Amino acid sequence: MWSLVYAAANHMHGLAVIAAVSPLFEEWLERRHGVLTYRLTQVLTGHGSFGRFLFRIRREETPGCRHCVDHPEDTVEHTVAVCPAWAEHRRVLRDVIGDGDLSRPALVQAMVRSEREWDAVSSFCEAVMLAKEEAERVRERSSSRPSRRRRHSGRRGSRDDLRPP
Ligand SMILES: [Zn+2]
């Protein structure tokens, strides 16, 4: 049963990646650099630690951003381009890829353009998504499950749910 769910989820991730890179599909396939990591995939597909996605799969009660005071909807675009919590990471990213827009097509364009830009986007995704996953884990531990059973049981558990097998 679970393997079927995972297979379906992987298939969905695959389709979502193709949708994200489709305007530059040839360049994407012909590039000679760049590894598509788990956290890069989260950002390109939106399937990951984003309020909107977590709300959709019923892991969160609202789609709002947990890192902003006024809780706007936490989408990929919000996380990458807007959320003040990631301003420093964004500045580092912009130093490499420039001042253009930070939409997903623009990120893909930068990624296929050069290895340096691919690595900058990848580092941004690693740092920001890791921080978001950590925050999500802390929230889960402290709010929705008031019992203490998880507190001493190490780090296994829900964070692996979104990971491919
Ligand atoms: Zn935010």
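I began with the secondary structure of the protein, which comes to 8 helices and 0 strands. I took helices (H or I, at least four residues) and strands (E, at least two) as DSSP runs, numbered from the N terminus. Read along the sequence, the pattern is α-α-α-α-α-α-α-α.

I noted that this is a predicted model, where local features need pLDDT of at least 70, side-chain atom pairs count only at pLDDT 80 or more, and totals for chains, interfaces and linings use all residues. Residues are numbered from 1 along each chain as its sequence is written.

**Entry: burial and contacts overall**

I looked up burial next. A residue is buried if 20 or more other C-beta atoms lie within 10 Å of its own, exposed if 12 or fewer, and partly exposed in between, with C-beta atoms placed from the backbone. Of the 165 residues of the protein, 25% count as buried.

I then turned to contacts, where two residues qualify if their C-beta atoms, placed from the backbone, lie within 7 Å. Among contacts with a separation of 6 or more, residues 24 or more positions apart account for 55%.

**Entry: the core**

I looked for a nonpolar core, meaning a set of buried Ala, Val, Leu, Ile, Met, Phe, Trp, Tyr and Cys residues joined through C-beta atoms within 7 Å. The largest one has 28 residues, and those touching the most other members are Val43, Leu107, Val108, Met111, Val121, Phe124 and Cys125. Two or more residues come from each of helix 1 (2–21), helix 3 (38–45), helix 4, helix 5, helix 6 (87–97), helix 7 (104–113) and helix 8 (115–144). Helix 8 gives the most to this core, with 7 residues. In soluble globular proteins, nonpolar side chains tend to be buried together.

I checked Leu107 by itself. Leaving aside its neighbours within four places in sequence, Leu107 is in contact with Leu102 and Val121.

**Entry: helix 3**

I found helix 3 mostly covered, with 6 of its 8 residues buried. These are Arg39, Leu40, Gln42, Val43, Leu44 and Thr45. After helix 3 comes Gly46, which has a positive phi, near 80°.

**Entry: the loop between helix 4 and helix 5**

Arg58 sits in the loop between helix 4 (51–56) and helix 5 (76–82). Its phi is near 65°, a positive value in a residue other than glycine. Arg58 is exposed, because it has 7 other C-beta atoms within 10 Å.

I found Arg66 in the loop between helix 4 and helix 5. Arg66 counts as partly exposed, because it has 18 C-beta neighbours inside 10 Å. Beyond its neighbours within four places in sequence, Arg66 is in contact with Gly51, Ala135 and Arg139. For Arg66 and Gly51, 15 residues apart in sequence, the C-alpha to C-alpha distance is 7.7 Å.

His71 also lies in the loop between helix 4 and helix 5. Its phi is positive, near 45°, in a residue other than glycine. I list His71 as partly exposed, because 13 other C-beta atoms are within 10 Å.

I ended with Asp74, in the loop between helix 4 and helix 5. Is Asp74 buried or exposed? Asp74 is buried, because it has 26 other C-beta atoms within 10 Å. Apart from its neighbours within four places in sequence, Asp74 is in contact with Phe50, Gly51, Arg52, Pro63, Gly64, Cys65 and Thr79.
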